[in-house]
Structure formats: structure tokens, C-alpha cells
Amino acid sequence: MGHTGEALRPPYVAGFEAAGEIVGVGPDVESPLPLGTHVVGAGPGAFSQYMTMPASGVLPVPYGWSDAAALGMVLNWATALAALKPLGETKRGEVVLVQAAAGGVGQAAVRLARHYGARVIATASPAKHHTVQALGADEVLDSRRPDLAEAITRSTGGVDLVLESVGQATFKTSLSVTKPFTGRIVVFGAASGDATLTTHDLVFTHQVQIKGLHIGALAVAAPSVYQWLLAEIEALIAHGVYPPGTPQVHPLAEGAMLLRQLEAGETEGKLALDPWR
Ligand SMILES: NC(=O)c1ccc[n+]([C@@H]2O[C@H](COP(=O)([O-])OP(=O)(O)OC[C@H]3O[C@@H](n4cnc5c(N)ncnc54)[C@H](OP(=O)(O)O)[C@@H]3O)[C@@H](O)[C@H]2O)c1
């Protein structure tokens, strides 16, 4: 959640990621997948029965998976992977801090960071700790504890990479636990609102590397990086690192209620809307 920064005008159909059957292909698409193929992809207006998505960004739903199980592939997993690898440049043995680790992107990030050999420090609300522990995080801390920064620094001596998507509520902690000069913070969301950072902060108090990430913008501006992400995701699925997703599927009519719960941080993992129910 958070804000897009753009004023949205009606008619606006929300949603970015969807999975389903191809019912039509644009005339300019080279080597299109056959009609009837089940794919997952992203594009505007996903909270609806029909939508269009760029052919270059779709992936076939893996063999034996339901459409719902494939949701998250091009949004949560691609974002977590981009944050960890091409942007975060994480290496075996490094310490990675995943904020909001019980969220959709956070859960993928914990699994991936462990797979790439990082020591994973995760933050989440206490009620969600069991979920994050089950994913293999080395340490799970209460995201709201007042001494969070001290606890992380005491335990790690400094973090190599932070995956930051909460914004206002956690950004100060993320800055203060990151190792000076070599440490990286990849920012891809602001669920609790915008945080501020000044040039003074970067020069005098927090000499860290800050990288911004928007997966849709990355797909357009750096298509070769995006194609690497899609190929790596297919390899992760083939090797069993990425298991079928288990989103909670709700009827489309419950969308507004679910978005309010998301905004309040009350949800866990991936949610999906079924427009045919
Ligand atoms: N840039 C991109 O390309 C991209 C792609 C995908 C997602 N995103 C963004 O990344 C963020 C995470 O996505 P997601 O799908 O993992 O979201 P999510 O499942 O809704 O997880 C967000 C979590 O943030 C935590 N949080 C901490 N303080 C919060 C506060 N004050 N208000 C609300 N939540 C708070 C909550 O976990 P706890 O209760 O455990 O603290 C909440 O469950 C979102 O902001 C989303 O918009 C960006």
C-alpha cells in the first residue's frame, strides 16, 4: 500500500498482477503463446475479469500449479529478487535485514535471501513471527519494539543489505543499522508513509548506498535485467526453492475490505481476488 504519488482519476481499475487464460493476442506480438495458455503477468486493471498485459512480461503458469498459486511470481518474487540480486548485490555470508518480512514481498525475500546464503534478520508484528520463522529467517524481531535498531546492531555488528518497504515507521532504523559505505538499502515501498532523507544525512551521519526499485519501471527501463529475473524465477521453481503460492483467495466484492486490512497492516502473505466468484 502507500501512495502512488499520482492523482488517480475515474474510471480507475485497481490491481497490477493477474493470472489466467490467454483469450486474445495483439497483432504485433512476436512468437505469441497459444490461446488458452495459462499465464501470470502484470499490467494495469488486474481487479477485473479481463485485462491486457505486455507479452514480454508474462510467464506460463508452472505445470501442475493453479492460476492462484502462480500469483506473486512477477510482483512479489520478482521484486524481492531484484532487491536482493541485481540491485542489492547480496553475497553468501552477508547479513540481510528484511523489514515487513511477513508480507507478500517479505516472505519471498526471506526464502530467497536464505537460498543465496545470507544470514537473515527479519522484522514483523509478533503475531506473524511463526510464519517468518518457518521460512528460515535466522532471527525475527518485533518491528515495533522501541530499541529495534540497537537490537539489530548488537546482534549483527551492522547490516550489509536492507530491504525497505515500510517507509516512515522503519526507515530511520534501516539507515542506522546499515554498514557505512559498503551497506546498501533497497527502497521499494512506503506502507506506513513517506520517510525523508537529506543530503546532510548521507554526508555526515549515514554514508550508505540507497537504491530505489519499482518493478514495473525496471521492466521498461532495464529489460535485460527484467528478463534475467524471469529466467532466474523459472530456475528457482525448477529447483524447488520457489514452491507454489498459497494465497488467500476472496471474491472480488471483498476487495475494498481487504485493501483496508492491507492498509492497516493486518494481513499476512499474499491475497488474491477472484472476479468470477
Ligand atoms: N516497488 C515495487 O515494485 C513494489 C512491488 C511490490 C510491492 N511493493 C510495495 O512493497 C510493500 C510491501 O508489499 P507487500 O505486498 O509485501 O505488502 P503487505 O503484504 O501488505 O506487507 C506490508 C507489511 O508492512 C508492515 N507494516 C509496518 N508498519 C506498517 C504500517 N504503519 N502500516 C501498514 N503496514 C505496516 C506490516 O507488517 P507487520 O505487521 O509485520 O509489521 C504489513 O503487513 C508495499 O508498500 C507495496 O506497495 C512495491
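Modeller: A pocket here is an open set of points on a 1 Å grid over the protein atoms alone, with protein on both sides within 12 Å along at least five of seven lines, and a lining residue has an atom within 4 Å of such a point. The model is a predicted one. In it, 21 residues line the second largest pocket, and those nearest its centre are Gln 107, Gly 245, Thr 246, Gly 269 and Lys 270. Two elements, α2 (73–87) and α3, each give two or more residues to this lining. Of these, α3 provides four residues, the largest share of the lining. The space in the second largest pocket amounts to about 390 Å³. By class, its lining holds 10 polar, eight nonpolar and three charged residues. Both domain 1 (17–74 + 219–274) and domain 2 (76–215) contribute at least three residues each to the lining of this pocket.

The ligand may now be set beside it. The ligand is surrounded by 25 residues, with Val 105, Ser 125, Lys 128, Arg 144 and Ile 215 the closest. Phe 188 contributes through its backbone, where an N or O atom lies 2.9 Å from a nitrogen atom of the ligand. The protein buries 85% of the 910 Å² that the ligand exposes when taken alone.

Helix α3 (104–115) supplies at least two residues of the shell around the ligand, as does α10 (255–263); α3 also gives residues to the lining of the second largest pocket. The shell comprises 11 nonpolar, 11 polar and three charged residues. At least three residues of the shell come from domain 1 (17–74 + 219–274), and at least three from domain 2 (76–215).

Most residues other than glycine have a negative phi, and most peptide bonds are trans. Glu 89, in the loop between α2 and β4 (95–98), has a positive phi near 50°. The peptide bond from Pro 10 to Pro 11 is cis, its omega being near -5°, and Pro 11 belongs to the segment before β1 (17–21).

Terms used. Residues numbered from 1 in each chain as written. Predicted model: local features only at pLDDT ≥ 70, side-chain atom pairs only at ≥ 80, totals over all residues. Heavy atoms only, no water. Near = heavy atom within 4 Å. Polar contact = N/O pair within 3.5 Å; in protein donor to acceptor, adjacent residues only side chain to side chain. Areas by Shrake-Rupley, 256 points an atom, 1.4 Å probe, with all protein chains shown as cover. Nonpolar A, V, L, I, M, F, W, Y, C, P; charged D, E, K, R; others polar. Domains from an automatic or database assignment. 1 Å grid on protein atoms, 1.4 Å probe; cavity = no way out; pocket = protein on both sides within 12 Å on 5 of 7 lines; lining within 4 Å. Points joined across faces, edges and corners; volume = space filled by probe spheres on them.
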